[in-house]
Structures are given as C-alpha cells and as structure tokens.
Amino acid sequence: MALVDLPRPDIEAGLESAHRAYEEFAARGLSLDITRGKPGSDQLDLSADLLTAVTAENYRAPDGTDTRNYGGLDGLLELREMFGELFSVPASQLLAQGNSSLTLMSQALVFASLFGTADEDSVPWASGPRRILCPVPGYDRHFGLAEALGFELVTVPQDDEGPDMDAVRALTAEDPSVKGIWIVPMYSNPTGITVSEARAKELLDLETAAPDFRILWDNAYGLHHLREPHAALLDILGLAAASSRPDRVWMFASTSKITLPGAGVAFFAASPRDTDWFRKHLSPTSIGPDKVNQLRHLHFFGTPDGVRAHMEKHAALVLPKFEAVERILAEELGDLGIATWTAPNGGYFITLTVLPGTADRVVKLAAEAGVKLTPAGATHPYGLDPDNAVIRIAPTMPSLDEVEQAARGLAACVRLAAHEALLARDS
Ligand code: PMP
C-alpha cells in the first residue's frame with residue numbers, strides 16, 4: 001500500500017525504520033557526488049588517442065588547409081560534413097567553432113539582442129523587454145545564461161513529447177516580447193524525454209506575436225543513446241525548411257560529452273539565411289576557430305560511423321550506472337508511492353520526483369549523510385521549483401560502486417523525508 005494511505009501509527013513505525021536506515025547509511029562516512037553531468041574518467045579514456053591525433057606530420061586537413069594557421073571561420077569542411085551527416089544538417093549550414101556550444105548559444109542571443117535577427121521586422125531584442133520560454137524541469141545553465149543576458153524566464157510545463165503546446169500558444173500568441181524557447185530535443189537535461197516529430201512541427205507552425213521567435217534547439221545529447229531501440233534524431237532543419245517558418249530554428253551541439261568536455265568542438269546550425277546572419281556577426285569576433293582541434297577530431301573518428309562506434313563504447317560504460325540507480329530506487333522505493341523516476345533511453349540524467357515539499361529536505365539529508373546532490377530547484381527558472389519535488393541525478397561521473405551506494409543512501413533520504421512530511425501534515 002502507498003505510504004500516504006497508511007494509518008498514522010504505521011507511518012510512525014515507518015519513520016523509526018527510515019531513521020535507522022538513514023543513520024546507518026550516514027554512519028558509513030561516505031563522500032559521494034552525483035551532482036555533475038560529467039563523463040567518468042573511464043569515458044575520457046575512450047578519447048585518449050585524440051590527444052595525439054595531430055602531429056607535426058599530419059596537420060593538413062584533407063583539402064590541404066594548414067590547420068596551424070589563421071582562417072576558415074566556418075570550421076573544417078570535412079568535420080562539418082561528418083557531423084552534418086550525424087545531425088542531418090547540410091555542411092553548408094553547419095559551423096564548427098570553439099570548445100563550447102553554450103558559448104555559441106550566448107553569441108546567438110547576444111547578436112539578436114544587439115542587432116536583431118535576420119527577419120525583416122526584427123529590432124534588437126535588447127531594445128525592449130524580452131522573455132524566453134523555459135520548459136521545466138530543464139537545464140540550469142540555459143536559464144542562467146538567458147537571465148544573465150536580461151531575459152525574463154517564463155516557465156512552461158512539458159510532457160513526454162515536449163513542451164505543453166497550450167501553454168506555449170497562450171504565452172506567445174499576444175506577447176511580442178517572447179522571443180524564444182529552450183529545447184533539448186533528445187534525452188533532455190534532466191528528464192531524458194525526446195521531443196516527438198509532431199510536437200516539433202507544432203513548434204515550427206506556432207503563430208507567435210514576435211516576428212523573430214526562435215527555437216533554441218540544443219542537441220547536446222542527440223548522439224547519446226543508451227538503449228535500443230531508440231528514437232531517430234529529428235531532421236529539425238529539414239522540417240523547418242518544409243514548414244512556413246524555415247528560419248525558426250537555431251541548432252547547437254558539441255562533442256563535449258563525446259570526446260573531452262572543455263576540449264571538444266561545438267557546432268551551430270540554422271537555415272541558410274540565419275547561418276549567414278550568424279557568420280556575419282561572428283566574423284568581426286574571430287579570425288577562425290581552433291582548426292587543429294577540429295582536425296584531431298576528424299582524424300580520431302575518421303567517419304560518421306566512427307562517431308557512432310565511439311558512442312556505443314560510452315553507452316557500455318554508462319548504461320550499467322543508469323540501470324543500477326533504477327534498480328535500487330525500485331527496490332527501496334518501488335511500492336511506497338513517494339517517488340517516481342525517469343528511465344531515459346539516453347543522455348546523462350535521471351530525474352527523481354519526490355513528494356511535493358520534500359526535495360530540499362532530501363538534498364539536505366543526503367548532504368549530511370555524505371551524498372552531494374544538485375540543489376533542489378536548480379532545474380527551474382531562478383532556482384525555484386514551486387513544488388519543491390524535482391531532484392536531478394547525474395550517475396556518470398562516480399564509479400559504479402559509488403553510484404550504487406549513493407542511490408541506496410538517496411533512497412533512505414527520500415523515505416525519511418516522506419515520513420517526516422506525512423506526519424507533519426497529519427499533526
Ligand atoms: N547543453 C546541455 C543540455 C547540456 O547538458 C550541456 C552540458 N551539461 C551543455 C549544453 C554544455 O555544452 P558545451 O560543453 O558544448 O558548452
């Protein structure tokens with residue numbers, strides 16, 4: 001029977017046992033960290049050969065470009081062709097840039113804020129109030145970046161197929177200050193959902209008061225499958241080209257969690273017109289990206305299939321950690337009705353939803369027992385989860401053994417916090 005339905009004496013008895021389990025766990029004096037969506041060192045080892053993939057002998061790109069020198073603002077053609085195939089984007093619309101897609105998102109928003117978009121009726125976004133839609137739970141750095149650039153963050157609920165379109169329609173139909181929406185289309189951070197083609201088309205077809213509304217399509221996990229069968233990556237620019245709003249999408253991606261975070265290659269893609277717009281504003285800021293690093297990636301992978309094979313090696317290391325969390329949460333919390341959790345087919349995160357009002361208590365209990373979790377609320381604009389219920393779990397970085405221990409400890413915290421909350425409610 002679900003905990004909430006038990007009579008008070010049973011919950012009281014449960015509190016004692018939850019307390020004991022928690023104290024036993026805390027007494028082990030562990031120090032575990034499941035906050036960060038970083039690859040484990042075994043995953044980084046997969047890219048060991050990247051570090052030596054360009055030498056004094058092989059620094060020329062296949063088209064003869066001397067990668068050691070300035071130039072080539074778009075990035076190496078052959079790398080754009082490789083990732084263009086993987087992301088279903090023509091190489092002419094894909095720019096390979098520096099080490100961070102977040103930087104490219106920032107640049108796109110800054111260019112639009114200072115100069116307006118390429119749309120005829122667009123004025124600089126910063127000339128008036130500007131808002132951005134934030135499906136929740138979402139990625140805290142998206143929210144933080146937009147906030148830092150002066151956007152008001154507007155929360156939008158989402159389901160398993162993407163953002164709630166009724167909410168999106170209501171917010172965009174009349175208000176021209178709503179300039180865009182964050183979307184992590186595949187294995188979203190942190191829920192792991194994948195946006196359906198139908199929902200993507202609804203976003204493309206959306207009538208918006210802003211003439212220059214954009215979908216910030218962050219394909220950070222588009223290649224990060226964990227289980228078969230998995231959904232196909234959406235050809236979003238193809239769908240946009242076939243829609244009445246071909247310029248609505250700015251796509252971002254990077255190899256941060258494919259090769260080396262902080263030392264990978266980031267990509268921007270858009271319609272031909274918006275790619276020109278981005279390039280035009282990028283041009284005064286750079287004499288060209290790090291082509292040596294781009295060539296390293298080209299040599300290391302060889303072909304798009306090389307990237308796919310590499311991603312399978314990641315999955316082999318990461319999937320057992322996801323399965324461990326899912327198994328332990330099911331064992332410890334399965335029939336209590338006090339938590340649900342996602343079992344994504346890819347990506348980097350599991351979302352744990354606990355009894356409303358208890359997420360911050362769970363995080364605090366866990367910290368005191370030696371398990372560091374992302375602060376409650378981090379998945380929502382301004383760090384405020386109105387239900388105080390969502391906890392993001394990042395199982396990739398610790399070892400499998402540590403992940404198992406952390407999940408066990410976390411479950412004890414969830415149980416204890418739920419018992420406390422139910423007894424407080426009834427008292
Ligand atoms: N987008 C999402 C959804 C992410 O989860 C992350 C990394 N946590 C990033 C972007 C950051 O990407 P990059 O390293 O390319 O800046």
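I began with Tyr187, which is buried, with 27 other C-beta atoms within 10 Å. I call a residue buried if 20 or more other C-beta atoms lie within 10 Å of its own, exposed if 12 or fewer, and partly exposed in between, with C-beta atoms placed from the backbone. Tyr187 is not a glycine, yet its phi is positive, about 50°. I placed Tyr187 in the loop between E6 and H7. Helices (H or I, at least four residues) and strands (E, at least two) are DSSP runs, numbered from the N terminus.

The model is predicted: I needed pLDDT of at least 70 for local features and 80 or more for side-chain atom pairs, while totals for chains, interfaces and linings use all residues. I number residues from 1 along each chain as its sequence is written.

Next I looked up Tyr382. Its phi is near 60°, again positive in a residue other than glycine. Tyr382 has 13 C-beta neighbours inside 10 Å and counts as partly exposed. Tyr382 sits in the loop between strand E12 (371-372) and strand E13 (390-393).

Then I turned to cis peptide bonds. One joins Asn189 and Pro190, with omega about 15°. Pro190 is in the loop between strand E6 (178-183) and helix H7 (197-205). I noted another cis bond between Glu228 and Pro229, with omega about -10°. Pro229 belongs to the loop between strand E7 (214-218) and helix H8 (236-242).

I went on to E7. Which of its residues are buried? Arg214, Leu216 and Asp218 are buried on one side, and Ile215 and Trp217 on the other. That makes five of five residues buried in E7. In a regular strand the side chains alternate between the two faces of the sheet.

I checked the partners of E7. Two strands pair if DSSP finds at least two bridges between them. E6 and E7 pair in the parallel sense over four bridges. Ile183 stands opposite Trp217 in E7. From E6 the chain crosses through H7 to E7, a right-handed β-α-β crossover. I call a crossover right-handed if, with the strands pointing away from the viewer, the path from the first strand over the helix to the second runs clockwise. E7 also runs parallel to strand E8 (residues 249-254), joined to it by four bridges. Met251 in E8 is the bridge partner of Trp217. The β-α-β crossover from E7 through H8 to E8 is right-handed.

I then followed helix H1 (residues 8-26). H1 has 19 residues and reaches 26 Å from first C-alpha to last, close to the 27 Å expected at 1.5 Å a residue. The expected span is 1.5 Å times one less than the number of residues. Ile11, Ala18, Tyr22 and Phe25 are buried in H1. Seen down the axis, the buried residues of H1 fall within an arc of 55°, so they line one face of the helix. I take the arc from the directions from the helix axis to the C-beta atoms. The face of H1 turned away from the buried side carries exposed residues, including Pro9, Glu16 and Arg20.

Last, the ligand. Of the 13 residues around the ligand, Ser100, Ser101, Leu102, Ser254 and Ser256 come nearest. A residue is near a molecule if its C-beta atom, placed from the backbone, lies within 6 Å of it. I sorted the shell by class: six nonpolar, six polar and one charged residues. Ala, Val, Leu, Ile, Met, Phe, Trp, Tyr, Cys and Pro count as nonpolar, Asp, Glu, Lys and Arg as charged, and the others, Gly among them, as polar.
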